[in-house]
Amino acid sequence: MRVLLVEDDNEIAKRLMAGLSQAGFTVERADNGTDGYTMGLDEEYAAAVLDLGLPEMQGIDVLKRWRAAHRTLPVLILTARGTWAEKVDGLNAGADDYVTKPFHVPEVAARLRALVRRASGIASAVLTHRGIELDTGSGSVLLNGTPVKLTAREMKMLTYFLHRIGRIVSQAELAEHLYALEDSRESNTIEVYVSRLRRKLGSDIITTVRGLGYRMD
C-alpha cells in the first residue's frame, strides 16, 4: 500500500520509512507542508501520516485544504504536541486518528492498516477471498489452511488486490503502489509478480483484462 509521509524531522522520517516499508507499505515523503499538500492533492495514496509542526505550511492547514478539495484519503496525525485541544482540532479538521511522539513504529503501522481497512469497508485484520487468508498484522498467508510463503513485493500486491475485489487495477496503478519513487516501474515487472501470485495461489485467482489491467474477481 502506498502511503504519504509528511514529516520534516529527518531522523523520525528515516525511522518511519524503514519501519513502515518493513511492514509492507510503500512510503513516499515530503519534508514540508507545501510539498505534502501538493503530493496529497495530485497523487493517489492509501493513507497519509501527517506531522502538525511543519515548515512552510502547518499540518493542520494541509489537512484542512485536502478536505476542502474533497480529498478523502485516511489521515493519521503524528505530533509532538501534547495538549488535548490540538488533537481535537486535528480530528475536527478531518483527521482519522492520531499518534503522539514519541511513538512505536509498529503502532503507527497497525493504526494505518486499521484506517485503510475502514476506508475499504473491511473490519477485520484478516482479509479472506476464495480460500486465501491474509493476516495484515502478522503478514502470514494461508491457502485453504496451508501456509504460503510470499516475498515482500508479492505480499504488497496481494494486499492491494484484496482491498479491491472486483475492481480493475491497471499496471501503472500497481506500479505506483508497489514501488518507491527511486525504483524501476517497468510493466513487465508487474507481469512477473502477477504470474508468481497465480503460481502460488491459483492460476485463476487474478484475471487479465486485456488493455486495462488485472482484476481479482
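Let me start with E176, which at 24% relative accessibility counts as partly exposed, a class lying between buried, under 20% relative accessible area, and exposed, over 50%, with a 1.4 Å probe and protein chains only. This is a predicted model, in which local features need pLDDT of at least 70 and side-chain atom pairs count only at pLDDT 80 or more, while totals for chains, interfaces and linings use all residues. Residues are numbered from 1 along each chain as its sequence is written, and side-chain values use heavy atoms, leaving out hydrogens and water.

E176 pairs with R2 in a salt bridge (a side-chain nitrogen of Lys or Arg within 4 Å of a carboxyl oxygen of Asp or Glu), with the closest N and O atoms 3.0 Å apart. Because E176 sits in helix α7 and R2 in strand β1, this pair ties together parts 174 residues apart in sequence; helices (H or I, at least four residues) and strands (E, at least two) are DSSP runs numbered from the N terminus. R2 itself is buried, at 3% relative accessible area.

R2 also meets E43, at 3.2 Å from N to O, and E43, in the loop between α2 and β3, is 41 residues away from R2.
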